[in-house]
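Notebook open. I wanted to look up the fold order first, then the aromatic rings.

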Amino acid sequence: MLASGTQVRNEDFGLLFYTMKGPRLYFLSSGALLDGAFFNGGHSLEEWLGEGNQADKMPRDRLREIKISLDRLKDKGVIIER
C-alpha cells in the first residue's frame, strides 16, 4: 500500500514514486511485472505474480532484486505493508 502523500505512476521501465516527504522521486525498475494497481490491494508480491503466472517467467535473481527494492521503499516510508 502507498504511504500517505505518495503517488505512483506506470512508466516503460517500471514504476515512478513521488512522495511529498521531501519531495523525492523513487524508481522501481520492474518493467511490466508490477503496475500501480499492486499498491491498491492487499496482495503479497508472490500472490500478485502468481495471478498472472508471471513469476514462472521471471528469473529468481530478478524477483529477488524487486523484493529488495520494495523493502527499501518500505524502509524509506514510501510504501507500507498491511
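This is a predicted model: local features need pLDDT of at least 70, side-chain atom pairs count only at pLDDT 80 or more; totals for chains, interfaces and linings use all residues.

For the fold order I took helices (H or I, at least four residues) and strands (E, at least two) as DSSP runs, numbered from the N terminus. Read that way, the elements of the protein run β-β-β-α-α from the N terminus on. That gives two helices and three strands.

Next, overall numbers. I found that buried residues make up 32% of the 82 residues. The accessible surface comes to about 5500 Å², and carbon and sulfur atoms hold 48% of that. I also looked at contacts with a separation of 6 or more: residues 24 or more positions apart account for 37% of them.

Then the rings. How many aromatic pairs are there? With ring centres within 6.5 Å as the cut-off, I get three aromatic pairs. I checked Phe17 and Phe39: their centres are 5.3 Å apart and their planes sit at 85 degrees, so I logged the pair as edge-to-face. This pair links distant parts of the chain, since Phe17 is in strand β2 (residues 15-19), while Phe39 is in the loop between β3 (24-28) and α1 (45-51), 22 residues apart.

Phe17, Phe38 and Phe39 form one aromatic cluster.

Last entry: is Phe38 buried or exposed? Its relative accessibility is 9%, so I count Phe38 as buried. Phe39 is buried as well, with a relative accessible area of 2%. Phe17 is also buried.

Conventions. Residues are numbered from 1 along each chain as its sequence is written. Side-chain values use heavy atoms; hydrogens and water are left out. Rings of Phe, Tyr and Trp (its six-membered ring) pair if their centres lie within 6.5 Å; planes under 30 degrees apart count as stacked, over 60 as edge-to-face and the rest as tilted. Buried means under 20% relative accessible area, exposed over 50%, partly exposed in between (1.4 Å probe, protein chains only). Contact means heavy atoms within 4.5 Å. Accessible areas come from the Shrake-Rupley method with a 1.4 Å probe; for residues, only the protein chains shown count as cover.
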